[in-house]
Structures are given as C-alpha cells and as structure tokens.
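Reader: Could you walk me through this structure slowly, and explain the terms as they come up?
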Amino acid sequence: MVSVLVVDDESDIREAVAEVLADEGYVVHGAGDGAEALRKARAVHPNIVLLDLMMPGMNGWEFRAAQKGDPELSDIPVVVLSALGRVAGMDAAGFIQKPFDLEELLDAVREYADGHAGGNGGRIDSPHAPM
C-alpha cells in the first residue's frame, strides 16, 4: 500500500486532501505541525510527504531540516504545498502553489510515491488553481 503523510496546520485543507487521496486508494496519515509529522513519519515511513511550510510550532522548513538529517527519513520525497509556491533554498521534490488543482496534486503523488522522478528534472512547479 502506498502511504502519504499530509502535513498542514489547517485541518480543513489536511482533511480535504486526505479524503481525495483516500478515494484514490492511498493510505493517508495527517499531521498538524512538523513535530507531529516527524513522529508519524518515523512510525509509518510514508512513500511521500505533502508539506505546508507556514505552521506554528515546528514549521515546514524545520521539519525538512530534521527529516534530511534523519537517515531513516531522508529518502522520503517531499512535495511542498504552500501559498509561497517555489521557495529558494528549500530542497524538495516538488512545489505546488496553494490554491491548487486536485489533478495536479494527484499527479505529484503518483510520480513521487513510486520513487520515480520524471520531466522537469523530477520537480513539479505549478501555479494551478483551485483548492
């Protein structure tokens, strides 16, 4: 089973994304901040992390730094879902700007959850809307 960790402090967004992914057959885990995401990632080792950046407590940048420093988690691809879009200096497999298109989100999950990178240097950048 392919699992996805959705990290966003906005429960409405987290739950909506989780519902869409679950409908597509993914096992979905949610976290409201970076610290919770690290705990869940260590417990379930998801195939992909969908990461918001601006969160209280441990934010997305701090999560990503901790994830990259953990040998058990560093290989998990991260796609950033943020109103900021592409962020300079953020090492991620892809960037999707909020609001986003659901099909674009599903394409990113399909691409990175399988451990494959293709097209665009294995990166996703998109200004699509809406979600």
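Author: Let me begin with a term: on a 1 Å grid over the protein atoms alone, a cavity is a set of points where a 1.4 Å probe fits but cannot get out, and lining residues have an atom within 4 Å of a point. Grid points are joined across faces, edges and corners, and a volume is the space filled by probe spheres set on the points. This is a predicted model, in which local features need pLDDT of at least 70 and side-chain atom pairs count only at pLDDT 80 or more, while totals for chains, interfaces and linings use all residues. Residues are numbered from 1 along each chain as its sequence is written, and side-chain values use heavy atoms, with hydrogens and water left out.

Reader: How many cavities of 30 Å³ or more does a search of the whole structure find?
Author: The search finds one, and the volume of the largest cavity is about 30 Å³.

Reader: Which residues line the largest cavity?
Author: The lining consists of Val 6, Val 7, Asp 8, Ile 13, Leu 50, Leu 51, Asp 52, Leu 81 and Lys 98. By class, six are nonpolar, none polar and three charged, where Ala, Val, Leu, Ile, Met, Phe, Trp, Tyr, Cys and Pro count as nonpolar, Asp, Glu, Lys and Arg as charged, and the others, Gly among them, as polar. At least two lining residues come from each of β1 (3-7) and β3 (48-51).

Reader: What helices and strands does the chain have?
Author: There are four helices and six strands, in the order β-α-β-α-β-α-β-β-α-β from the N terminus on. Helices (H or I, at least four residues) and strands (E, at least two) are DSSP runs, numbered from the N terminus.

Reader: Which residues of helix α2 are buried?
Author: In α2 (residues 34-44), the buried residues are Gly 34, Ala 37, Leu 38 and Ala 41. They lie on the same side of α2 because they cover an arc of only 100° around the axis, the arc being that of the directions from the helix axis to the C-beta atoms. Arg 39 and Ala 43, on the other side, are exposed. Buried means under 20% relative accessible area, exposed over 50%, and partly exposed in between (1.4 Å probe, protein chains only).

Reader: What covers those buried residues of α2?
Author: The cover includes β1, β2 (27-31) and α3 (60-68), with contact meaning heavy atoms within 4.5 Å.

Reader: New topic: is Phe 95 buried or exposed?
Author: Phe 95, in strand β5 (residues 94-97), is buried, because its relative accessible area is 1%. Its C-alpha atom is separated by 5.6 Å from that of Val 79, 16 residues apart along the chain.

Technical notes:
1 Å grid on protein atoms, 1.4 Å probe; cavity = no way out; pocket = protein on both sides within 12 Å on 5 of 7 lines; lining within 4 Å.
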